[in-house]
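Dear colleague,

Please find below the structure that I am handing over to you.

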Amino acid sequence: MRMEKQNSSGYLPIPDMRRFNSSLGFSLIEVVGAVVILIFILSGTLGIFWQGLKIAVNSQKRTIAYSLAREKIEENYRWPLINGEFNENYGQIPDFPEFRRFTSIQEYLGVWQLKLIYVKIYWNNDAVSQSFETLKANY
């Protein structure tokens with residue numbers, strides 16, 4: 001754009017807008033439209049990401065619950081079992097303060113000296129739980 005000399009009043013003249021080529025840039029509406037489309041695409045992608053993250057955390061908690069139950073069942077395989085119920089509250093399981101474990105040992109059919117070992121793991125303030133059970137010969 002070529003600037004004109006100042007006129008006699010001392011003000012610069014307003015440039016003629018017809019001299020500008022309209023294909024040199026984007027209009028405000030085009031930019032806003034592109035931003036809106038980008039926001040929709042990113043919000044969908046972030047939604048998928050957050051859903052995947054929630055599933056991964058839930059899977060991790062279930063894996064820990066399975067390991068804690070297996071640990072308790074294997075612990076009870078080491079000696080003759082006594083019937084009863086045992087409760088480990090939140091904070092009592094080493095390295096896993098956000099889990100609670102309930103164990104029940106009872107006779108199973110009473111004939112073959114079988115014991116039923118039932119373990120239930122709770123987390124998220126008892127909102128979620130997973131239970132496991134197995135049989136053991138009580139010799």
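Four aromatic pairs are counted in this predicted model. For this count, the rings of Phe, Tyr and Trp (its six-membered ring) pair if their centres lie within 6.5 Å; planes under 30 degrees apart count as stacked, over 60 as edge-to-face and the rest as tilted. One of these pairs is formed by Phe96 and Phe99: the planes of their rings stand at 80 degrees, with the centres 6.2 Å apart, so the pair is edge-to-face.

Two conventions apply throughout. Residues are numbered from 1 along each chain as its sequence is written. Because the model is predicted, local features need pLDDT of at least 70 and side-chain atom pairs count only at pLDDT 80 or more, while totals for chains, interfaces and linings use all residues; side-chain values use heavy atoms, with hydrogens and water left out.

Phe99, at 0%, counts as buried.

Which residue forms a tilted pair with Phe99? The partner is Trp123, with 5.7 Å from centre to centre and 50 degrees between the planes. This pair links distant parts of the chain, since Phe99 is in strand 2 (residues 99-108) and Trp123 is in strand 3 (residues 114-123), 24 residues apart. Trp123 is buried, at 1% relative accessibility. Together, Phe96, Phe99 and Trp123 make up one aromatic cluster.

Arg100 lies over the ring of Tyr122, 4.0 Å from the ring centre. The rule for this requires NZ of Lys or CZ of Arg to be within 6 Å of the ring centre and within 35 degrees of the ring normal.

Next, please look at Glu88, which belongs to strand 1 (residues 84-88). Is Glu88 buried or exposed? Its relative accessible area is 17%, so Glu88 is buried. The side chains of Glu88 and Arg101 are joined by a polar contact of 2.6 Å. A polar contact is a pair of N or O atoms within 3.5 Å; within protein, one must be able to donate a hydrogen and the other to accept it, and residues adjacent in sequence count only if both atoms are side-chain atoms. Leaving aside residues up to four places away in sequence, Glu88 touches Lys72, Ile93, Arg100 and Arg101, where a contact means heavy atoms within 4.5 Å.

The loop between strand 3 and strand 4 (128-137) holds Asn125, and Asp126 is found in that loop as well. Phi is positive in Asn125, near 55 degrees, and positive in Asp126, near 65 degrees; each is a residue other than glycine. Asn125 is exposed, at 69% relative accessibility, whereas Asp126 is partly exposed, at 38%.

Finally, here is the chain as a whole. The protein chain has one helix and four strands, in the order α-β-β-β-β along the sequence. Helices (H or I, at least four residues) and strands (E, at least two) are DSSP runs, numbered from the N terminus. Of its 139 residues, 20% count as buried.

Key:
Buried < 20%, exposed > 50% of the residue type's maximum accessible area, 1.4 Å probe, protein only.
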